[in-house]
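Visitor: I am new here and would like a short tour. Could you show me the structure, please?

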Amino acid sequence: MNEHMTLGEFIIENQSAFQYSSGELSKLLNGLRLAAKMVNHEVNKAGLVDIIGGAGEVNVQGEDQQLLDVFANDKFIHSIIKRDIACGIVSEEEDEFISIAGSDKANKGKYVVLMDPLDGSSNIDVNVSVGTIFSIFRRVTPVGTPVQLEDFLQPGSLQVAAGYVVYGTSTMLVYTTGDGVNGFTLNPAIGSFYLSHANIQIPKTGNIYSVNEGNYSHFPQGVKDYIKYCQKEEENRPYSARYIGSMVSDFHRNMLKGGIYMYPNCTKNIDGKLRLLYEANPIAMLAEQAGGKASNGVQRILDIKPTEIHQRVPFFCGSSEMVDKLESFL
Ligand code: AHM
Ligand code: MG
């Protein structure tokens with residue numbers, strides 16, 4: 001594979017490998033690529049311009065919206081709508097799903113996009129990495145009719161593409177269309193993403209566990225037992241604890257080095273914290289495509305049939321042997 005290949009070239013070159021190839025998904029991915037560059041530009045300026053801090057609004061999850069949350073949401077929505085390929089959008093920052101042509105008008109778009117435009121945004125003020133997560137499905141209702149709730153409530157196994165952008169030490173876009181996972185690094189001088197991590201594979205096992213251990217006393221007993229197992233002086237343990245508090249960054253590191261990311265249900269968050277449709281599902285698809293695993297503790301994430309667009313789910317994801325081990329404790 002050409003090491004100087006840009007993301008734009010890669011999308012076109014791999015278009016024919018995609019099952020439903022008609023060029024539309026490529027256009028949609030190119031729209032997301034463009035929005036990612038705009039958000040990257042803004043994230044990089046945080047601290048210099050008046051963009052950090054709260055927007056004074058609370059989103060549907062009851063969380064304070066940050067100015068950059070709102071900026072990222074607007075850029076991604078605008079970029080998706082401009083491409084004229086998608087019929088609907090679910091965003092962490094929007095209470096209801098967006099019907100692109102309007103709820104009463106026919107819509108020719110084949111795809112729906114579900115996204116968290118700026119995940120981990122509480123980290124922005126302190127210059128810690130944040131991310132964008134996206135998930136793409138083909139609609140299930142007929143093309144040419146208004147998009148419906150059921151178009152979004154599909155199990156993750158039906159995703160046609162998923163990915164994330166990590167705005168980190170360098171900015172990367174990592175995605176899959178169901179044929180492996182590839183990572184592209186932004187060259188900020190040129191403004192292009194270049195293929196830097198071809199066919200990423202998660203090591204089968206690792207020595208990193210990532211969890212907010214401050215919630216330990218609220219975790220289910222099985223999770224507590226697994227954490228004690230990770231800390232035990234035996235074989236290749238104790239593992240290292242690494243928790244950034246930005247799932248995209250925590251997952252990205254674990255995918256490259258081997259490890260497990262956990263956000264269990266706990267007495268504070270009885271269904272967990274992370275959202276199934278635009279956080280757990282896309283990360284789970286990437287994990288599986290890279291040879292890893294993602295589970296809610298007892299069931300494969302991608303097999304869960306959603307009932308609500310903002311529903312939460314306990315999430316355990318990463319190296320397959322580590323997720324298997326965790327499950328054996330639950
Ligand atoms: P957000 O979508 O409101 O940013 O929340 C999701 C984030 C994840 O990126 C991160 O892993 C987790 O919340 C951190 O939560 P906590 O501070 O409870 O550990
Ligand atoms: Mg989020």
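Visitor: How many cavities of 30 Å³ or more does the structure hold?
Guide: This is a predicted model, where local features need pLDDT of at least 70, side-chain atom pairs count only at pLDDT 80 or more, and totals for chains, interfaces and linings use all residues. Residues are numbered from 1 along each chain as its sequence is written, and ligands are numbered from 1 in the order in which they are written. On a 1 Å grid over the protein atoms alone, a cavity is a set of points where a 1.4 Å probe fits but cannot get out, and its lining residues have an atom within 4 Å of a point. Of cavities of 30 Å³ or more, the structure holds one.

Visitor: Which element gives the most to the lining of the largest cavity?
Guide: Among the lining residues are Leu29, Leu32 and Arg33. Helices (H or I, at least four residues) and strands (E, at least two) are DSSP runs, numbered from the N terminus. Helix H1 (7–13), helix H2 (24–45) and strand S8 (171–176) each give two or more residues. With three residues, the most comes from H2.

Visitor: Which residues coordinate the magnesium ion (ligand 2)?
Guide: Donors are N, O and S atoms within 2.8 Å of the metal (3.2 Å for Na, K and Ca); water is not among the atoms, so sites may look incomplete. At 1.8 to 2.7 Å, the ion is coordinated by Glu92 (OE), Asp116 (OD), Asp119 (OD) and Glu279 (OE).

Visitor: Are Glu92 and Glu279 buried or exposed?
Guide: Glu92 lies in the loop between strand S3 (86–91) and strand S4 (98–99) and Glu279 in helix H7 (residues 276–289), so the pair ties together parts 187 residues apart in sequence. Buried means under 20% relative accessible area, exposed over 50%, partly exposed in between (1.4 Å probe, protein chains only). Both Glu92 and Glu279 are buried.

Note on methods. Side-chain values use heavy atoms; hydrogens and water are left out. On a 1 Å grid over the protein atoms alone, a cavity is a set of points where a 1.4 Å probe fits but cannot get out, and a pocket is an open set with protein on both sides within 12 Å along at least five of seven lines; lining residues have an atom within 4 Å of a point. Grid points are joined across faces, edges and corners, and a volume is the space filled by probe spheres set on the points.
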